[in-house]
Structures are given as structure tokens and as C-alpha cells.
Amino acid sequence: SEELEKEEQDDDDDIGLVIWPSARTMLRWLTGGATVGSAPEVVGKTLLELGAGTGFLAKGLIEAGVGRIFAFEGSAAALENMRKEMQALEGHICPMYWNW
């Protein structure tokens with residue numbers, strides 16, 4: 001869309017195309033694999049993710065039983081990548097643009 005094109009960043013600045021260690025840690029915690037603290041119950045819930053990047057966390061949570069995730073991303077390039085990668089999960093993962 002035109003709005004996405006206007007907000008597109010330089011490829012050098014596009015950190016949304018990287019799976020960050022924190023996404024792996026959050027997935028492990030929310031799905032019960034971490035040993036520190038207790039995570040909220042997420043199975044069957046609708047969640048919102050800000051800075052969803054590649055969609056790694058959203059995909060892992062859907063596979064763990066989360067009902068639906070609204071995955072917001074501020075990078076046009078990362079959002080387009082996530083939309084392509086998550087097509088098979090359409091209806092469960094809803095990639096959304098938000099330039100916060």
C-alpha cells in the first residue's frame with residue numbers, strides 16, 4: 001500500500017527481519033518451557049504482539065494453542081515478509097501495520 005511505501009526504512013536499519021533471542025525466550029516462557037516465574041495461560045486466547053518482526057513468536061504461540069494473534073510491525077519490509085511467511089496461518093495470525 002502507499003502508506004507502507006512512505007514508511008519503508010533503509011534495509012540497513014531493518015531490524016525486524018531478525019529473530020531475536022528475546023523472542024525465543026518469550027516463546028519458551030509463555031509455553032511453559034522456562035523455569036523462571038509463571039507465565040499467564042495463553043491457550044485459546046487472543047493476543048496482541050507489538051514489534052512482531054518475522055512473526056516467529058506469533059507462529060510459535062499459534063502452534064502452542066493460542067487462538068489468534070494480532071501481530072503489529074512498524075517496518076514495511078518486515079511486515080511484508082511476515083505476511084508472506086504467515087499466509088498458511090491466515091485467520092490465526094493477523095499481521096498489522098502500526099508505525100509507533
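1. Phe-72 is buried, because its relative accessibility is 14%; buried means under 20% relative accessible area, exposed over 50%, and partly exposed in between, with a 1.4 Å probe and protein chains only. Trp-98 is partly exposed, at a relative accessible area of 44%.

2. A word on the basis. This is a predicted model, in which local features need pLDDT of at least 70 and side-chain atom pairs count only at pLDDT 80 or more, while totals for chains, interfaces and linings use all residues. Residues are numbered from 1 along each chain as its sequence is written, and side-chain values use heavy atoms, with hydrogens and water left out.

3. How many aromatic pairs are there? The count comes to 1. Rings of Phe, Tyr and Trp (its six-membered ring) pair if their centres lie within 6.5 Å; planes under 30 degrees apart are stacked, over 60 edge-to-face, the rest tilted. Phe-72 and Trp-98 form an edge-to-face pair, with 5.9 Å centre to centre and 75 degrees between the planes. The pair links distant parts of the chain: Phe-72 is in strand β2, Trp-98 in the segment after β3 (93-97), and they are 26 residues apart.

4. Now the overall layout. The protein chain has 4 helices and 3 strands. Helices (H or I, at least four residues) and strands (E, at least two) are DSSP runs, numbered from the N terminus. From the N terminus on, the order is α-α-β-α-β-α-β. Of the 100 residues, 35% count as buried. Contact means heavy atoms within 4.5 Å. Among contacts with a separation of 6 or more, 56% come from residues 24 or more positions apart.

5. Helix α2 has Ala-23, Leu-27 and Leu-30 as its buried residues. Seen down the axis of α2, these fall within an arc of 75 degrees, so they line one face of the helix; the arc is that of the directions from the helix axis to the C-beta atoms. Pro-21 and Ser-22 are exposed, on the face of α2 turned away from its buried side. The buried residues of α2 pack against α3.

6. Helix α3 buries Leu-57, Ala-58, Gly-60, Leu-61 and Ile-62. Against which elements do the buried residues of α3 pack? They pack against α2, β1, β2 and β3.

7. Two glycines follow these helices. Gly-32 lies in the loop between α2 and β1. At 62% relative accessibility, Gly-32 is exposed. Gly-65 follows α3, and its phi is positive, near 110 degrees.

8. The largest pocket holds about 490 Å³ of space. Of the 29 residues that line this pocket, Glu-49, Leu-50, Gly-51, Ala-52 and Gly-53 are the closest to its centre. On a 1 Å grid over the protein atoms alone, a pocket is an open set of points where a 1.4 Å probe fits, with protein on both sides within 12 Å along at least five of seven lines; lining residues have an atom within 4 Å of a point. Volume is the space filled by probe spheres set on the points.

9. Which elements each supply at least two residues of this lining? They are α2 (21-30), β1 (46-50), α3 (56-63) and β2 (68-73). By class, the lining has 16 nonpolar, 9 polar and 4 charged residues. Ala, Val, Leu, Ile, Met, Phe, Trp, Tyr, Cys and Pro count as nonpolar, Asp, Glu, Lys and Arg as charged, and the others, Gly among them, as polar.
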